[in-house]
Amino acid sequence: MAFKGTIVIDKQRCKGCSVCIENCPNKCISLSKGVNSKGYRYAELSSDGCIGCASCAIVCPDSVISVYRVKI
Amino acid sequence: MEISDMIKPENLVYGKPALLTDNVMHYCPGCSHGTVHKLIAEVIEDMGIQDKTIGISPVGCSVFAYNYIDIDWQEAAHGRAPALATATKRLCPDKYVFTYQGDGDLASIGTAEIIHACSRGENIVVIFINNGIYGMTGGQMAPTTLLGMKTSTTPYGRDAKLNGFPLKITEMLAALDGTAYISRQSVHTAAAARKAKNAIRKGFEYSSKGVGLSFIEIVSTCNSGWKLSPVEANKWMVEHMFAKYPVGDIKDVLK
Ligand SMILES: Cc1ncc(C[n+]2csc(CCOP(=O)(O)OP(=O)(O)O)c2C)c(N)n1
Ligand code: SF4
Ligand code: SF4
Ligand code: SF4
Ligand SMILES: [Mg+2]
């Protein structure tokens, strides 16, 4: 069974630490070009390879990632 | 399927636990403290013990832990969390009581309190954040600082002749009869964080069985104190900290 997923990042609360980027098995996340209101470059979903595994969200110290997943 | 069609409540598989408050954490970007807070919140939520849990926060970067997990808390003087937890648990034996302490707090100024709480076999849980440094006060050497590791008070690296050896306090505490479950974990990957969560849950379960003290060390990073990026700090931890502080269960009296 295959899954397709997506994530929603609260970009104003993201601190750009990049721990999520390092933990994504499919390298779907990257840092934004611009900055949020705190001056941090924030994490963004940058490819459509997300499988909704939640690895990024589990390691996010600020718990700003929500993960959605559907069976396909 | 379009992304917008996926973002629906019924498809949500992981999000911030409800027990974490909406306060923005004061921790530096990538600090392990935030991840451990989340795991504790998840365990309390999963066990449905929000109204039965009392946390004791330390002095150190996690001094404000009480702002982030929506349970009852007390704030202890530096190193005294195990003493406060002892009183709390003895006065309220039906509550789950845990301390949350850094390595400076637990293994330096609070050495006496943790040793005797373990020796007495208090039915509490201790979460020990070992980042090998005094994070809050500007990155001074801690008892747990590795040999050769540079800190603001060991600018040329920790030297055994001058500064003594790193203290493996977790193994010391395992030798005491009053400890029931002792484990060392980390939270740098999703797999590691899941194991750490299981260990924390076991600690909470044991504390209600009256079998003694449960102690979960989390080998952590202080990327600011270590002067590395958060991702580099995690790599440095795996390469250097794990050699001295290997992860896994150390003691389990019910096994
Ligand atoms: C009685 C007393 N002595 C010293 C201090 C200064 N002080 C504050 S936090 C700290 C060490 C914190 O290190 P650690 O417990 O490892 O926590 P971290 O910040 O690394 O998470 C010290 C020495 C204090 N607040 N009170
Ligand atoms: S782990 Fe969290 S805070 Fe860090 S960059 Fe990713 S989303 Fe932002
Ligand atoms: S849910 Fe998994 S696949 Fe999707 S972005 Fe996060 S880590 Fe990557
Ligand atoms: S100083 Fe270190 S321990 Fe304290 S919040 Fe920053 S990274 Fe975390
Ligand atoms: Mg410390």
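What percentage of the 255 residues in chain B is buried? Buried residues make up 54% of chain B, where buried means under 20% relative accessible area, exposed over 50% and partly exposed in between, with a 1.4 Å probe and protein chains only.

## Basis of the model

This is a predicted model, in which local features need pLDDT of at least 70 and side-chain atom pairs count only at pLDDT 80 or more, while totals for chains, interfaces and linings use all residues. Residues are numbered from 1 along each chain as its sequence is written, chains are lettered from A and ligands numbered from 1 in the order in which they are written, and side-chain values use heavy atoms, with hydrogens and water left out.

## Chain A

Chain A contains two helices and four strands, and its elements follow the order β-α-β-β-α-β from the N terminus. Helices (H or I, at least four residues) and strands (E, at least two) are DSSP runs, numbered from the N terminus.

The C-alpha atoms of chain A occupy a box of roughly 40 × 20 × 15 Å along the principal axes. Among contacts (heavy atoms within 4.5 Å) between residues of chain A at least 6 apart in sequence, 59% join residues at least 24 apart.

## Surroundings of the ligands

A residue is near a molecule if one of its heavy atoms lies within 4 Å of it. Around ligand 2 stand residues of chain A, including A:Cys14, A:Cys17, A:Cys20 and A:Cys60. By class, this shell has eight nonpolar, two polar and one charged residues. Ala, Val, Leu, Ile, Met, Phe, Trp, Tyr, Cys and Pro count as nonpolar, Asp, Glu, Lys and Arg as charged, and the others, Gly among them, as polar.

The residues around ligand 3 include A:Cys24, A:Cys50, A:Cys53 and A:Cys56. Its shell divides into ten nonpolar, two polar and no charged residues.

## A sheet across both chains

An open sheet of three strands joins the chains in the order S1(A)-S4(A)-S1(B), with antiparallel pairing; two strands pair if DSSP finds at least two bridges between them. Its edge strands, each pairing on one side only, are S1 (3-9) of chain A and S1 (12-14) of chain B. From one strand to the next the twist averages 35°, with axes fitted as lines to C-alpha atoms, for helices over the stretch in contact, and angles running from 0 to 180 degrees between N-to-C directions.

S1(A) and S4(A) (residues 65-71) are joined by seven bridges. Within this pair, A:Lys4 is opposite A:Val70.

## Chain B and its sheet

Chain B has ten helices and ten strands. Its radius of gyration is 18 Å, in agreement with the value near 18 Å for a compact globule of 255 residues.

Chain B holds an open sheet of seven strands with mixed pairing, in the order S3-S2-S4-S5-S9-S8-S10. Strands S3 (72-75) and S10 (248-252) each have a single partner, so one side of each is left without a neighbour in the sheet. S8 (residues 179-186) and S9 (residues 213-219) of chain B run parallel over seven bridges, and B:Tyr181 faces B:Ser214. Helix H2 (residues 32-47) of chain B lies across S2, S4, S5 and S9, at about 175° to S4(B).

Methods. The radius of gyration is taken over C-alpha atoms; the globule rule is 2.2 Å times the number of residues to the power 0.38.
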